[in-house]
Amino acid sequence: MDILAYACVAIMFLFVVSRLLSYAFRRKKAPSEEELEKQLLAAVNERE
Amino acid sequence: MTTTKKAVQLPVLERSRRNYDRLRTCRRCGKYTILPGESCPNCGRARLVPVMERARSRARRKMLNEILFTVLLIIIAILLAQDMTQIAIAAGTGLILLALLVLVQRRMTGRETLRQLSRMFRYDHATIHDGLVHDQSTGVETVRSGKDVEGYHILRQTAVLVRNDRLRLALLSLLQNFRLRSDMDLELESLITRDFDPLVADYIGEIARLKRDMIKDRAIRYIIANEPRILEMENGWNILISVASAAVRMKRYVTMYQGFIRRYARFLPRERFVRLYHVVHSDPALQSEVLGQDMESIRAELYPSDPAFEPDAAGAERP
Ligand SMILES: [Zn+2]
């Protein structure tokens, strides 16, 4: 049943790689402090 | 009018670098507040944390879960392994992947925190809004109970995030009762309303008298845009003269708002007119305008033999 051990390693590999890729992807579109300030102001004042 | 004003000591507003630095959320009930204080205004528990801290712990929790899941997979793989080779492969690959994940996570903590903060603002926008409404009503209640300085300070703290004319006018009507001094921590631009209100005009006039340097484009434009209505005010003429007096401290304002300056040049206090005269005189472009001609005629008419207008007196002028 050694296929299960390899499958587990494969899942682990895919999981970690997918995390690393998503971090690499988010790196570019992380919000800046100015954007967050604007976002918060919009959230507070939207119903006015 | 000045006799009814109250001598007060206004608390200084602690400013933060970013507008969300002072916003806190309750770990227990999830409500938000911008006011300082130990306990949550909603549930009363002392479990308030700055939103930035909350976002950081959420980011860390998420990253920790990723690590735990990877460790779990390593353990399962080792348990399922049939021989030493497989154990070595599972453990080796697992540790390399884990190290890689931890390394990347460490470099991403700052960005992930901002991303979590953005999520909080997006998903909790209604709760944040309600929290600030609650903070404002706390301020209004404090004013109603007679503590107008404390109430003003509370409302002023909410104004870091709440931007509307109603709050601005509430702050201005409170300020109107206080005897303002130049050493007070006052602000101007954030209190200028979208629509005209005599309260704003009065306040701009008062700031122009107390802290001339605070009069900038927005205030000058507001005054110019509402000039006819200000002239109808009891104190309107004084407001306009004060603002014109403040505006002549910079050549840029004189150039940009020439028409306005011209209308009040004749009525400026002598010292401010001297300042304006030298500003216009130092700039050939301004001098060739109608304003330049006005300067000479006003000088000839009001200050015929005043030595302050000689060219060499210019250096002695303060802005
Ligand atoms: Zn609470």
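With which residue does B:Asp294 form a salt bridge? The partner is B:Arg262, and the closest N and O atoms of the two residues are 2.7 Å apart. This is a predicted model, in which local features need pLDDT of at least 70 and side-chain atom pairs count only at pLDDT 80 or more, whereas totals for chains, interfaces and linings use all residues. Residues are numbered from 1 along each chain as its sequence is written, chains are lettered from A and ligands numbered from 1 in the order in which they are written, and side-chain values use heavy atoms, with hydrogens and water left out.

**Salt bridges**

- Over all chains, a search of the whole structure finds 22 salt bridges (a side-chain nitrogen of Lys or Arg within 4 Å of a carboxyl oxygen of Asp or Glu).
- B:Asp294 belongs to helix α14 (residues 290-302) of chain B and B:Arg262 to helix α11 (residues 258-265) of chain B, so that bridge links distant parts of the chain, 32 residues apart.
- B:Asp294 is buried at 16% relative accessibility, while B:Arg262 is partly exposed at 37% (buried means under 20% relative accessible area, exposed over 50%, partly exposed in between, with a 1.4 Å probe and protein chains only).
- A salt bridge also joins the side chains of B:Arg266 and B:Glu301 (2.9 Å, N to O).
- Because B:Arg266 sits in the loop between α11 and α12 (270-281) of chain B and B:Glu301 in helix α14 of chain B, this pair ties together parts that are 35 residues apart in sequence.
- B:Arg266 is partly exposed, its relative accessible area being 32%.
- B:Arg156 and B:Asp185 meet through their side chains at 3.3 Å, N to O, in a further salt bridge.
- This pair connects helix α4 (residues 148-158) of chain B, which holds B:Arg156, with the loop between β5 (178-179) and α6 (198-210) of chain B, which holds B:Asp185, 29 residues apart.
- B:Arg156 is buried at 3% relative accessibility, and B:Asp185 is buried at 18%.
- A network of salt bridges links A:Arg26, B:Lys62, B:Glu112 and B:Arg115.

**Zinc site**

- Four SG atoms, those of B:Cys26, B:Cys29, B:Cys40 and B:Cys43, coordinate the zinc ion at 2.3 Å (donors are N, O and S atoms within 2.8 Å of the metal, or 3.2 Å for Na, K and Ca; water is not among the atoms, so sites may look incomplete).
- The site is tetrahedral, with angles of 103 to 119° among its four donor atoms (four donors count as tetrahedral if all angles lie between 85 and 135 degrees).
- Along the chain, the donors follow the spacing C-x2-C-x10-C-x2-C.
- B:Cys26 is buried, with a relative accessible area of 0%, and B:Cys40 is buried, with 4%.

**Helices of chain B**

- Helix α2 (residues 84-123) of chain B spans only 49 Å between its end C-alpha atoms, whereas a straight helix of 40 residues would span 58 Å at 1.5 Å a residue (the expected span is 1.5 Å times one less than the number of residues; helices are DSSP runs of H or I, at least four residues, and strands of E, at least two, numbered from the N terminus).
- A kink of about 55° in α2(B) is centred on B:Thr109 (the bend at a residue is the angle between axes fitted to the seven residues ending there and the seven starting there).
- The N-terminal end of α2(B) is capped by B:Asp83, a side-chain oxygen of which lies 3.2 Å from the backbone nitrogen of B:Thr85.
- B:Arg60, in helix α1 (residues 51-80) of chain B, is exposed, with a relative accessible area of 51%.

Terms used: Polar contact = N/O pair within 3.5 Å; in protein donor to acceptor, adjacent residues only side chain to side chain. Tetrahedral: all angles 85-135°; square planar, octahedral: opposite > 155°, others 65-115°.
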